[in-house]
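Let's take a walk through a protein together, one stop at a time. Keep the picture open as you read, and find each residue as it comes up.

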Amino acid sequence: MVSIHRRRSWAIDERQATPERVYLDRRRILKGFGLGIVSAAGLAAVSTPAGSQEADPTADLYPATKNPAYVLDRSVTPEEINAHYNNFYEFGTQKDIFEDAQKLRIRPWEIAIDGLVETPVTIAFDDLVRKFPLETRLYRHRCVEAWSMTIPWAGFPLKALVAMAKPLASAKFVRFETFMDPEMASGQNNFLYPWPFIEAVTIAEAAHDLAFIVTGAYDKPVARQHGAPLRLHLPWKYGFKSIKSIRKISFVEERPVGLWEALQPSEYGFWANVNPDVPHPRWSQAMERVIHTGELVPTQLFNGYAAEVAGLYTGMDAATLYM
Ligand SMILES: Nc1nc2c(c(=O)[nH]1)N[C@H]1C(S)=C(S)[C@@H](COP(=O)(O)O)O[C@H]1N2
Ligand SMILES: [Mo]
């Protein structure tokens, strides 16, 4: 609870940054000062979330072997903080969506893999997750709103799924799509957003070892509020690229336009590579607030993964790395 109180003390700063939100949406601004208040009942709800009474059929896969190449010099964000501080606009535009997100029905869950591939398939998540060895990686996460956390994600490299899909030579991008179900996810009734949530990366980015399909966190299946049963994590890009609760993965020739780019192309670009020298039009990206310590620390180029990923962008102007 102490750390949650500490988080409240800087929540005001974050609101002033007018984060990933459309200024048109007055309701969110009016509701704003409720942010960060976590009741004891709310905390209890995470350990026994409504709708997850049935045992998770993939629970036996965790903890997944820790990959020693992905160890960081910063502390891991405690699970209880991370589980109550989320961006999942399908369930609302505030950070405290964890209770609403428990409405997410994660079984049955099928993923369509289609587009420019040898053979399009639809596969049940419970089958897909057993096709690859799972591993645990400590990753940094940097939201475009200038906060960050460190998470022990479990899952498998996206490149393994790309290899399984056998894309045709004409495929240039991988497009991801989240579920569409406004009855279950009330945020999808918010007509200001072009649902469903879509994101995309180039084939080269998808084939990079850092691009990770997350199926678990904190040594168990990933929680609904983090994007169960599977989400992406691209640690060198701003967090909005790391799409949650994926239903469809398509290989395409034309560059897809993601939800955030469709909404505000001048603020949220396709590349969205973390770059402290390229400010968001409405705030600086030089520093970031670590959500579990409250510390303000310098943001690093490519979120600290420059040695690994800079080669993906040789020849590109640094200023275009963000947009
Ligand atoms: N489907 C979907 N995916 C999403 C989002 C979202 O609203 N919907 N928010 C993104 C943003 S802005 C961030 S910072 C991360 C947050 O992940 P977390 O809540 O697990 O920390 O998820 C990303 N993926
Ligand atoms: Mo974000």
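Which ligand has a nitrogen atom that lies 3.2 Å from a polar side-chain atom of Thr178? That nitrogen atom belongs to ligand 1. Before going further, please note that this is a predicted model, in which local features need pLDDT of at least 70 and side-chain atom pairs count only at pLDDT 80 or more, while totals for chains, interfaces and linings use all residues. Residues are numbered from 1 along each chain as its sequence is written, chains are lettered from A and ligands numbered from 1 in the order in which they are written, and side-chain values use heavy atoms, with hydrogens and water left out.

Now stay with the ligand. Glu90 places a polar side-chain atom 2.8 Å from a nitrogen atom of ligand 1, and Arg231 has one 3.0 Å from an oxygen atom of ligand 1. These are polar contacts, that is, pairs of N or O atoms within 3.5 Å; within protein, one must be able to donate a hydrogen and the other to accept it, and residues adjacent in sequence count only if both atoms are side-chain atoms. Taken alone, ligand 1 exposes 530 Å², and the protein buries 99% of that; such areas come from the Shrake-Rupley method with a 1.4 Å probe, and for residues only the protein chains shown count as cover. In total, 19 residues surround ligand 1, and the closest are Tyr89, Glu90, Met149, His226 and Lys244. To be counted here, a residue needs a heavy atom within 4 Å of the ligand.

Next, step back to the whole chain. The protein chain has 10 helices and 13 strands, which are DSSP runs numbered from the N terminus (helices are H or I with at least four residues, strands E with at least two). Of its 323 residues, 57% count as buried, meaning under 20% relative accessible area, with exposed over 50% and partly exposed in between (1.4 Å probe, protein chains only).

β5 pairs with β4 in the antiparallel sense over 8 bridges; two strands pair if DSSP finds at least two bridges between them. Arg142 has Ser148 in β5 as its bridge partner, and Ser148 also has Val290 in β12 as a partner. β5 and β12 run parallel, with 2 bridges, whereas β5 and β8 are antiparallel, with 5 bridges.

A polar atom of its side chain lies 3.4 Å from the backbone oxygen of Asn303. Among the residues that Arg140 touches are Asp73, Met149 and Tyr305, where touching means heavy atoms within 4.5 Å.

Our last stop is the largest nonpolar core, which has 83 residues. A nonpolar core is a set of buried Ala, Val, Leu, Ile, Met, Phe, Trp, Tyr and Cys residues joined through side-chain atoms within 4.5 Å. Leu158, Phe176, Trp236, Phe251 and Trp260 have the most contacts inside this core. Phe176 touches residues including Leu158, Val201 and Ile246.

Terms used. Lists of a residue's contacts leave out its neighbours within four places in sequence.
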